[in-house]
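Trainee: Please take me closely through the side of one chain that touches another, and then through the parts of those two chains that can be described in detail. Give the cut-offs for each term as you go.

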Amino acid sequence: MRDFSYLRATSVDAARQAAALPGAMLLAGGTTLIDLAKCGVAEPDTLVDITHLKGLDRIEIDERGAIIGALARMGHVADHDDIKSRFPAISEALWQAASAQIRNMATIGGNLMQRTRCPYFRDPSNFSACNKRVSGSGCSAIGGVTRGHAVLGTSDACIAMYPGDLATVLVAFDATVRLGDRHIRVDDFFLLPGTTPDREHAIEPGEMITAIEIPSSAAAHRSTYLKVRDRQSYEFAAASAAVGLELESDGRTIRDLRVALGGVATKPWRARAVEAALKGKVLEPEAVRAASLLAVEGAVDHGANHYKIELAPRVVARAILKMGETA
Amino acid sequence: MTSKTTIPVHLDINGQRHTLELEPRVTLLDALRDRLGLTGTKKGCDHGQCGACTVHVDGERVLACLTLAAQAAGRTITTIEGLAREGELHPVQAAFLEQDAFQCGYCTPGQIMSAVACIREGHAGSDEEIREYMAGNLCRCGAYPHIVAAVRQAALEAAS
Amino acid sequence: MMLELGLNQQPAHTRQGSSIGQPLTRRDGFLKVTGTARYAADNHPPGMLYAVLAVSSIARGRVVSLDIEAAKAHSGVVEVMTPLNRPALAVDPDAKDHPFMFRLDLLQNDGVRYPNQSIAVVIAETLEAATEGAALLSPRYETLPARVGLDGGKSFVPRGVGVGNPAVQEKGDVEAGLESARTRIEAAYETPAQYHNAMEPHAIVAAWDGDQLSIDTPSQGLAMAQGRIAGLFGIAPRNVHIRSPFLGGGFGSKGMISGPQVLGILAARLVGRPVKLVLRREQMYGPVGHRAPARQTLRMGMDGEGRLTALSHHARTTSSTFDDFFEPAADASHTLYASPAIATSHDAVRLDTGTPLFMRAPGEATGSIALESAIDEAAHACGMDPLEFRLRNYAEVEPMTGKPFSSKALRECYEQAAEAFGWASRPLQPRRMRDADGFLTGWGMGTATFPALMFQAEARAVLRADGSGLMETGAQDMGQGAWTAFAQIAADGLGLDIDQVDFRAGSSDLPNAGIAGGSGHTATAGMAIHNAGAAVIARLADLATGNEASPLFGAGNEGVLARGGRLYRRDDESRGESYSEILARAGLAEIEGHGKGAPDPASQETYAKHAHGAVFAEVKVDPDLGQIRVTRLVGAFAAGRVINPRLVRSQYYGGMIWGVSFALHEEAVTDRRSGRIQNANLAEYHVPVNADVPSVEALLVHEDDPHVNALGIKGVGEIGITGTAGAVANAVWHATGVRPRRFPIRIEDLLG
């Protein structure tokens with residue numbers, strides 16, 4: 001790891017200013033940044049430690065929704081009683097992420113900034129080509145080991161999978177990222193790779209995530225996060241689904257449905273086609289399974305990750321049907 | 001060209017204050033092991049993938065390999081060396097010994113620090129919950145069934 | 001350089017009595033749960049520098065340049081060791097005098113023959129500086145195409161497999177047996193490369209003092225390591241002092257001294273200061289061994305009653321381009337199932353990888369998952385229950401050699417484990433069971449076996465005038481419980497309470513205890529301890545029985561018993577005296593005796609010696625999502641005498657969990673273009689986490705074996721992985737109807 005200087009921010013403004021300088025990066029829980037610095041992917045000149053800032057870890061919930069401070073830690077949010085009862089998918093996505101230790105370190109803001117697990121991206125000393133690290137350098141993953149790579153949202157420049165769980169839930173429920181005074185929808189915060197996979201987030205120099213805001217909804221209240229993976233725990237998703245469901249008073253017709261996919265796309269992936277196909281329809285297994293296939297419309301595989309195209313719709317269908325069973 | 005710059009770092013570890021001159025890139029794990037001789041905390045992967053370096057910061061379990069020492073300044077740090085009091089084993093340590101919850105012993109300090117926190121968090125309510133909330137600590141010897149038994153035993157003792 | 005661990009000062013171990021057969025808690029347990037057990041990398045001699053390896057990006061070619069100046073310019077970097085300045089060695093590291101001498105990469109030239117081969121060592125004042133210095137070397141290469149995969153080269157038949165077994169063996173006429181069969185099956189199974197991944201990375205702290213070399217490093221074979229290092233540096237073995245009180249896991253990867261460990265010694269010599277070198281996790285995927293991938297083809301023929309008429313087992317394995325280690329996977333078919341005709345064969349290809357090495361049950365595990373899967377297929381083809389089929393083909397004598405077994409309680413294992421598991425209610429056909437949540441449920445079984453091996457070991461026993469005893473042997477504890485089990489054997493051997501015995505191990509300065517490997521350490525070093533105890537007791541008895549003042553005068557050696565620190569007349573136990581009294585009368589401060597442990601050649605010739613077991617597994621598979629969960633494992637094992645049931649159960653659990661891992665988790669995935677392993681870490685190279693491991697039960701089946709050795713010990717360290725891996729695979733088939741043919745079994749295999 002290169003040496004760097006270390007600053008401890010005393011205020012949000014000071015943090016923003018310090019982090020705007022060339023070579024400076026914000027340091028929160030460190031579970032991504034220190035890891036990537038050891039890999040030689042992140043090469044900061046200055047780390048601006050924001051973990052000692054006060055007041056940024058609050059979790060506020062009222063009838064309009066939840067506001068979770070950027071420095072609230074994943075484990076605390078997962079165990080928060082009101083989050084568990086009013087936004088169950090958020091709690092489920094968080095407690096199934098990483099390990100208890102990492103969840104105690106990692107912050108919500110930092111979690112949004114989590115980088116891909118693409119082994120080529122993570123290994124600059126052995127693979128110089130990576131458009132995500134160095135624009136225009138090429139993609140080592142294409143033609144390589146791809147079982148964990150994305151099938152949705154890919155481009156010729158990058159097929160790296162977005163590995164996070166929480167943001168998958170956030171896009172399903174129209175959450176907003178607060179960058180101080182600027183608010184942006186989570187779905188817009190994450191960028192598709194296109195020809196610029198080095199640019200992953202719609203965040204400008206000098207900006208800092210201060211909170212996320214999740215509006216209340218009946219669908220969020222009746223929601224789940226289903227994560228399928230190779231190991232039972234401490235493992236990234238092979239495919240996951242965040243689902244929220246609101247039924248009409250008849251108890252069988254779908255009034256509102258939210259679906260997002262994790263583990264299969266280059267960013268948290270809202271499956272609006274599935275939602276549209278099922279809204280207003282009666283919730284029944286065949287219709288749900290058929291509609292869930294729309295989740296992977298346009299998917300492109302690179303060999304070993306083909307199974308994700310089969311798996312993801314099944315995960316979606318299972319999650320929707322599971323929500324249907326909860327009265 | 002890197003210039004060697006160190007900063008003073010005050011660490012509160014197991015009730016003792018230490019002042020070190022460190023490069024900012026030094027992790028808490030390497031500060032414990034290389035600068036302070038607190039080698040009970042182990043390095044298994046150095047990337048947050050095994051849990052061997054688990055310590056408590058402000059009472060919560062975290063990974064020392066992904067924590068900069070400078071970040072931990074001003075926090076209260078507990079390592080495996082700070083768990084036993086006056087030669088008396090912590091109940092979790094005693095349970096690990098009793099249940100044979102380790103073999104080679106290398107992951108054990110991390111397992112024990114994790115287990116103490118797991119119980120304190122209230123995540124040791126059933127075997128299934130223990131397995132899930134102890135999943136961040138790899139054991140290559142395969143002591144898991146006995147680790148679950150030890151955590152269960154210590155959790156029951158703590159509850160009674 | 002004596003190791004003083006103070007194990008007798010810790011009270012925790014004494015609660016449950018002492019000596020052989022007692023479930024003592026670990027004598028080193030107090031040290032391990034308090035973080036005070038000192039592993040190699042925990043040492044920090046004064047003046048020590050940190051060394052970090054730079055390793056090759058490429059699989060094959062040569063290093064063209066290294067930016068040594070950039071590394072040296074980094075603050076804190078002291079020296080960079082490359083082929084140009086590496087201190088001379090007494091012998092060529094590519095020389096191979098015997099099969100157990102593995103070729104090492106010690107910067108002998110600029111060549112690269114596998115990814116992650118050492119190409120330089122950066123030595124610095126801090127770990128951070130050495131690490132960054134290694135990154136700054138920015139090597140450039142001349143690259144040749146990598147040879148990867150089971151078809152990555154021209155195949156050949158190795159001269160020998162394993163520890164020198166013939167690569168091809170045949171008994172009877174397999175083709176005729178297959179021809180005459182009523183039912184036949186043929187199936188091929190692929191298993192991937194696996195890496196040991198002990199939690200403790202290989203580490204060394206080396207310090208030179210003239211031609212004396214002091215080393216802290218984990219070693220499963222101290223005397224072999226001492227000899228190898230002495231040979232490389234041209235110094236006497238007695239000048240090499242290795243301490244290895246605790247290994248943070250070995251599993252075979254610490255059996256031989258590895259290249260990086262020797263580079264740590266070279267670095268210390270180069271800079272004239274103590275040096276610590278610890279492998280980074282990703283650097284363990286290359287120079288410290290692995291289990292080679294394999295493709296195994298089994299053919300079986302059965303008569304109308306389900307009896308095997310022929311069994312053919314072929315294994316394709318791999319080795320490196322520059323050294324020989326060939327996993328004897330097909331030899332798994334030599335010992336378990338009776339068949340008039342058995343043929344086993346191996347071929348191999350050479351790849352641009354590090355040399356494969358012993359990895360927990362090397363050959364046995366790989367062969368077992370294929371054999372047990374094929375046996376399951378054969379049972380199904382005959383319409384028989386898999387247990388009934390195995391009993392029908394139960395081997396009363398060792399199938400390949402016709403030798404009688406020294407003991408074999410496999411029937412009891414089958415019975416007890418099947419009973420505990422509830423096997424009797426298993427439906428014959430697959431995909432017949434579902435649980436309340438709709439998960440497909442399957443039950444499978446496998447037979448476990450592992451040879452009862454012994455090597456060579458020595459021990460030294462001392463009785464002291466204060467009535468205490470000392471037992472010394474350079475045994476190695478990598479988690480199996482050597483500190484405890486050997487102390488128990490020592491206590492009995494010396495006729496003392498365990499608290500009266502000072503047991504010393506883990507140092508090359510002590511008598512050679514052989515290797516901790518092949519599941520033979522307890523038997524081998526245990527016999528040395530047992531015999532050393534007998535020798536010193538015999539001396540003591542001589543002193544007593546030859547002295548008129550002793551109540552034992554005239555009893556003769558045969559007529560004396562040693563127990564609780566006293567000698568008694570065998571014919572009259574009211575007549576006896578304490579060790580202290582005997583030594584005091586003789587005016588001796590202490591007496592000593594020596595013992596050896598080794599296999600008995602006569603009984604080797606006569607008997608087939610194996611431990612056995614039966615493992616039953618339950619899995620649940622999500623019918624839509626393909627997710628597999630092992631929910632129950634029950635094993636029963638008969639492995640001769642159990643020294644400490646608490647420790648033995650842990651060994652079985654560990655082995656069984658390795659079996660789960662073999663079936664469902666482990667696989668090193670290679671980028672075929674570069675030859676690099678793309679999951680060389682603990683996040684993506686999967687070993688089970690706690691949540692992957694279900695309820696596990698291991699039954700200890702009683703077995704007396706009068707032939708293996710005087711203590712009746714067979715060994716328990718590796719058998720658990722055999723049987724289990726196949727049982728899990730067979731349970732997956734029983735749940736889903738999908739027969740796993742490549743491992744690990746993954747979600748995509750079961751999406752249907």
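Mentor: Two residues are in contact if their C-beta atoms, placed from the backbone, lie within 7 Å. By that criterion, 25 residues of chain C are in contact with 22 residues of chain A. On the side of chain C that touches chain A, helix 3 (residues 127-136) of chain C gives the most, with four residues; helices (H or I, at least four residues) and strands (E, at least two) are DSSP runs numbered from the N terminus. That side of chain C divides into 11 charged, seven polar and seven nonpolar residues, where Asp, Glu, Lys and Arg count as charged, Ala, Val, Leu, Ile, Met, Phe, Trp, Tyr, Cys and Pro as nonpolar, and the others, Gly among them, as polar.

This is a predicted model, in which local features need pLDDT of at least 70 and side-chain atom pairs count only at pLDDT 80 or more, while totals for chains, interfaces and linings use all residues. Residues are numbered from 1 along each chain as its sequence is written, and chains are lettered from A and ligands numbered from 1 in the order in which they are written.

Within chain A, strand 5 (residues 65-69) is paired on both counts given here, two strands being paired if DSSP finds at least two bridges between them. Four bridges join strand 5 of chain A to strand 4 (residues 59-62) of chain A, and these strands run antiparallel. A hairpin of two residues connects strand 4 of chain A to strand 5 of chain A, and A:D62 has A:G65 as its bridge partner. Strand 5 of chain A is also joined, by five bridges and again antiparallel, to strand 8 (residues 211-215) of chain A, where A:I67 stands opposite A:E213. Four of the five residues of strand 5 of chain A are buried (20 or more other C-beta atoms within 10 Å of their own, placed from the backbone), so this strand is largely enclosed by the rest of the structure.

Helix 7 of chain C is followed by C:G383, whose phi is positive, near 70 degrees.

Conventions: A residue is buried if 20 or more other C-beta atoms lie within 10 Å of its own, exposed if 12 or fewer, and partly exposed in between; C-beta atoms are placed from the backbone.
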